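Thanks for taking a look at this one with me. Below are some notes to read alongside the coordinates, in numbered points.

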Amino acid sequence: MKLSQFRIRIPENLVAMEPPHRTFKNEDGTVDKVYRRDECRLMIVHRKSQRIDLFEKDADGKDTDRQLTFRNIIDYFDEGDTFVLNDTKVFPARLFGTKEKTDAQIEVFLLRELNADMRLWDVLVEPARKIRIGNKLFFNEEGPMVAEVIDNTTSRGRTLRFLYDSSTEEFRRELFSLGTPPLPRYILEQRESTPDDVENFQTIYAKNEGAVTVPASGLHFSRELMKRMEIRGINFAYVTVHCSLGGFDTIEVEDLSKHKMSSEQMVVDAKACDIVNRTKAEKHRICVVGCSTMRAVETSLGTDGKLKEYAGWTNKFIFPPYDFELADAMIANFYHSESTMLMSTAAFGGYDLIMEAYQKAVDNEFHFGCYGDCMLILDD
């Protein structure tokens, strides 16, 4: 397929800057916000019958005036079904330092640790034109955190060696204490990160640290909803994909078969395989939550259609047409135009139907982006 086939006009006011929340004004004039991550709007896409639902149904199966929210997702699954989720944990990857001698402020975005003992990190810097090999960056006025630029990797990429004499654990604690949540650029262009983002930009089941952006489709799960699902007998299988910025890379080729995805580290363990394969064997349904999770599942799928243990890297790029063998359902956010996540969603739901769903989302003022609304794609 072609890149231009995924060009969608999304009004700026429909790009969510915050998760769903309720605002309360106090007597002193201050404002409190209570976030309800499971109250985002939900669209149900039926890929076989080609139906799209936006509202709850009455006893006769007719639309009511009540919009579907993510809490309704439990109504579409039964005992024995399994949700596959990505339990990666986002670390505070965005730091601000000052350049030696000039005191110029430099944004440093941590990508991945290259060598723990040598304190080597792969980073992005902004503005990159000011940062050259040999430059030193200071990250707090009173503390000892200093980094030296030792290599150029890309136009904005650098390798930093942090000069910090301590244990590895103490160094990481100090480094991350200086960071802020790595919100997408489209949000930071509109507002600064806040203390609320520390919790909001993280799934409630995040466990294994290593992501520099959140697996956004998992943000909608609340503890209360997951407990209700557990009581119903729904299973949860966890895989780990350390989400990178690769999903936000600009695609520079029209022919999608020529696009090269950035690699992401992933782990699928024996426990996840047992849960998923047992679910499939017992003819229950598998719902994969998000594009990163789908990429992991498809990477570790064996020729016999079973999930296999895997620890390594994946650069799998899923776009239409693509044959899925394991998943019966998928949860996906409403993504930006020309994004790899939109393409993966269209591969699962079918190009024409997903494009129709996106137009309905715009027409009905759904919210887009990591803090936005979502869709459930069912195989019925």
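1. A word on burial before anything else: a residue is called buried under 20% relative accessible area, exposed over 50% and partly exposed in between, with a 1.4 Å probe and protein chains only. By that rule, the buried residues of α6 are C291, S292, T293, M294, R295, A296, V297 and E298. Helix α6 spans residues 291-299, and eight of its nine residues are buried. Helices (H or I, at least four residues) and strands (E, at least two) are DSSP runs, numbered from the N terminus.

2. Some housekeeping: this is a predicted model, in which local features need pLDDT of at least 70 and side-chain atom pairs count only at pLDDT 80 or more, while totals for chains, interfaces and linings use all residues. Residues are numbered from 1 along each chain as its sequence is written, and side-chain values use heavy atoms, with hydrogens and water left out.

3. Strand β18 (residues 286-289) is worth a look, as both its faces are covered: I286 and V288 are buried on one side, C287 and V289 on the other. In a regular strand the side chains alternate between the two faces of the sheet. Strands count as paired if DSSP finds at least two bridges between them. β18 pairs in the parallel sense with β7 (residues 82-86) over three bridges, and F83 stands opposite C287. Its pairing with β20 (residues 329-333) is also parallel, over three bridges, with V288 opposite M330.

4. Next, the barrel. Six strands close it in the order β9-β10-β11-β14-β13-β12, with antiparallel pairing. Neighbouring strands of this sheet are turned by 45 degrees against each other on average, direction ignored. Helix α1 (residues 168-177) packs on the sheet and touches β9, β10, β11 and β14; its direction makes about 10 degrees with that of β11. For such angles, axes are lines fitted to C-alpha atoms, for helices over the stretch in contact, and values run from 0 to 180 degrees between N-to-C directions.

5. How do α7 and α8 cross, and at roughly what angle? The axes of α7 (residues 340-349) and α8 (residues 351-363) come within 7 Å and cross at roughly 120 degrees. That makes α7 oblique to α8; angles under 35 degrees count as roughly parallel, over 145 as roughly antiparallel, 65 to 115 as roughly perpendicular and the rest as oblique. Taking contact as heavy atoms within 4.5 Å, L342, T345, A346 and G349 in α7 meet Y351, L353, I354, M355 and Y358 in α8.

6. Two backbone features deserve a check, given that most residues other than glycine have a negative phi, and most peptide bonds are trans. Cis bonds join E126 to P127, with omega about 0 degrees, and P320 to P321, with omega about -10 degrees. Q50 has a positive phi of about 65 degrees and is partly exposed at 44% relative accessible area. R119, in the loop between β10 and β11, has a phi near 60 degrees but is buried at 7%.

7. Lastly, N200 in helix α3 (residues 195-200) is buried, with a relative accessible area of 8%. Leaving aside neighbours within four places in sequence, N200 is in contact with P19, Y35, R37, L219 and Y371.
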